[in-house]
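Keep the sequence and the 3D view open as you go.

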Amino acid sequence: AITAGEFVLRGFGLRNTSSLRGKMRNSPLRHRLNKMVEADNPRLARLQAKTKHPFLDKYFKFAAKCGDEIVYTVMLPISAWNTDYTFSRQLIYLWCIVFYVVHYLKDVFCLPRPSSPPVRRLEEQYVEEYGFPSAHSAAASSLPFFVVAMLARVADTFTTGVVCAAATFYCLSVTASRLYVGV
């Protein structure tokens, strides 16, 4: 079986992509990153224990769902129907590039998600996938700020500031949700 990243690279004519994964699996960088993930498990568990609250459980579960691929799959066509088509196409290209790069890096690094226990998992959907880098966080960091950058060209300062504040709130909520839900 081949990974999604290998499938795309083979589409570009690169036939022997297994060497990338084989070299990375035994590399000192991967071992160092894996040790960092393992060392951060108790820290993440302590953070979760300190911030555990029923409201935060619901809020961060919702924020994690706001970063799912299905949300972007629904929202990006809506942006094409209601805004400039060129802008929407650029947004879709960015989303595809971000997801491709993140999932390719996941296949290269092969780093696990935080182990449970000690980390409390509120979301079991992504347990089987590799953990680093986070596709949710990458998309939540890139897409909203791309919208802000494009909006800054045509809108006034106040509107751009409000949208930038909303983008920052969204980005921080989705990124923090990945830690809070334990994935």
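**Exercise 1.** Which element gives the most to the lining of the second largest pocket, and with how many residues?

*Solution.* First, a word on the source: this is a predicted model, where local features need pLDDT of at least 70 and side-chain atom pairs count only at pLDDT 80 or more, while totals for chains, interfaces and linings use all residues. Residues are numbered from 1 along each chain as its sequence is written, and side-chain values use heavy atoms, without hydrogens and water.

Step 1: the lining has 17 residues, with Tyr72, Met75, Leu91, Pro144 and Val147 nearest the pocket's centre (lining residues have an atom within 4 Å of a pocket point).
Step 2: α5, α6, α7 and α8 (157-180) each give two or more residues to this lining.
Step 3: α5 gives the most, with 6 residues.

**Exercise 2.** How many nonpolar, polar and charged residues does this lining have?

*Solution.* Sorting by class gives 15 nonpolar, 2 polar and no charged residues.

**Exercise 3.** Is serine 79 buried or exposed?

*Solution.* Step 1: find serine 79 in helix α5.
Step 1: its relative accessibility is 12%, so serine 79 counts as buried (buried means under 20% relative accessible area, exposed over 50%, partly exposed in between, with a 1.4 Å probe and protein chains only).
Step 2: look at its surroundings. A polar atom of the serine 79 side chain lies 2.7 Å from the backbone oxygen of leucine 76. Leaving out residues up to four places away in sequence, serine 79 touches Ser88 and Leu91 (contact means heavy atoms within 4.5 Å).

Technical notes: Helices (H or I, at least four residues) and strands (E, at least two) are DSSP runs, numbered from the N terminus. A polar contact is a pair of N or O atoms within 3.5 Å; within protein, one must be able to donate a hydrogen and the other to accept it, and residues adjacent in sequence count only if both atoms are side-chain atoms. On a 1 Å grid over the protein atoms alone, a cavity is a set of points where a 1.4 Å probe fits but cannot get out, and a pocket is an open set with protein on both sides within 12 Å along at least five of seven lines; lining residues have an atom within 4 Å of a point. Ala, Val, Leu, Ile, Met, Phe, Trp, Tyr, Cys and Pro count as nonpolar, Asp, Glu, Lys and Arg as charged, and the others, Gly among them, as polar.
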